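Please read it alongside the sequence and the coordinates.

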Amino acid sequence: MFRHLRPIRVVCGIAVLVWGLSDWIARILPAQETVSARETMNEASKVFAPLPKSDSNRLEGVAAEQVALGQKLFFDPRISSDGVRSCMICHQPALYGTDGLPVSRGAENKPFVRNAPTVLNSALQFRIHWDGRFPSVEEQAGAALLGPGFHNPSDEVVISRLDAIPGYIDLFRNAFPDDKSPVTRANWGRAIGAYERTLVTPARFDDFLKGDENALNAPQLRGLRLFQKSGCADCHSGALLGGISYEKFGITSDYWSETKSPAIDKGRFTLTNKEEDLYVFKVPPLRNVAMTPPYFHDGSVRSLPEAVQIMARVQLGITLKSEEVQDIVSFLDSLTGTLPSNFTTAPQLPPAAFLTLP
């Protein structure tokens, strides 16, 4: 009469065996890290900030005409010495504001010294260029006209090239109505700067910081936590995840031993001649980093996972596991934003009365 109890005893025995086995497995295997999205969000909000819709602080009081003029000048190649190069050549929309080259080339195919970083979100940085030589995008744009990018010998040549395009005269007058002679290199920089301050690319990470717990998937959440825990966020913080400080490249070891760089760049030292600036560069922002290879000031590394591993070794003195690298790269993917429509669509340029090439 007790036969009907035997199946129950068998089931109970199996349950005890399974429980014992699972307990044994739990003891010998590390537990999977489980942290809630809300907790991760709270920790991230202490270090990072959402992107604004534009650099509104500097755009306040800037006429829409300046932004429109800046967009045209940004795409116009006719002001360069060879009539081929424009700002857009080094900052192409299809390549998320870069040119995809290790080291860019300017007018007359002259090489630059360093890699061209993305123009997207660049106006939000505290300084411009790898060595921070310019205080603003306006000054950088104005200087570019006489630099290797456009290779004009003087302001007079720049103005003559602009004057050869009659439509620009009225556009400059509308953009700078208080200037008696508005067609100047300084106003060129002001117009392009106004345009570049609109090139902001909010991404999924911004949705997450604003309260959307579902904006990041599990690998991205793990990568974000590791990014903070490992020390990456000590330099790559704020709204841009960088772009707000200087740092030596190669704290625990020489960077060129890892990057296999063809030449050793001394960083800000070449600008300041100060020993403390040796191998110091502006910390690059990580917005859209998944879309902007190759990496580092000389474009010496083409793979984002490799760049992450190199940074961990030369900056933090640690070696990441392959799955840790994958998680960090997944997190960095969440920084890829939507391109502004005034960047993906080229403007109509005013026709030239004549165009004289050297």
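## Helix packing

Helix 11 and helix 15 are roughly perpendicular to each other (a class that spans angles of 65 to 115 degrees). Helix 11 covers residues 218-229 and helix 15 covers residues 322-333; their angle is about 105° and their axes are 7 Å apart. Axes are lines fitted to C-alpha atoms over the stretch in contact, and angles run from 0 to 180 degrees between N-to-C directions. Helices are DSSP runs of H or I with at least four residues, strands are runs of E with at least two, and both are numbered from the N terminus.

From helix 11, the contact (heavy atoms within 4.5 Å) involves residues including Pro219, Arg222, Leu226 and Phe227. Helix 15 contributes, among them, Glu324, Asp327, Ile328 and Phe331.

## Ser230

Ser230 sits in the loop between helix 11 and strand 1 (246-248). A polar atom of the Ser230 side chain lies 2.8 Å from the backbone oxygen of Leu226.

Leaving aside residues up to four places away in sequence, Ser230 touches Leu316 and Ile318. Ser230 and Leu316 are 86 residues apart along the chain, and their C-alpha atoms are separated by 7.8 Å.

## Model and confidence

The model is predicted: local features need pLDDT of at least 70, side-chain atom pairs count only at pLDDT 80 or more, and totals for chains, interfaces and linings use all residues. Residues are numbered from 1 along each chain as its sequence is written, and side-chain values use heavy atoms, with hydrogens and water left out.

The mean pLDDT (the predictor's confidence in each residue, from 0 to 100) of the protein chain is 89, and 86% of its residues reach 70 or more. Over residues 1-32 pLDDT stays under 50. Where pLDDT is low, the predicted coordinates should not be read in detail.

Methods: Parallel < 35°, antiparallel > 145°, perpendicular 65-115°, else oblique. Polar contact = N/O pair within 3.5 Å; in protein donor to acceptor, adjacent residues only side chain to side chain.
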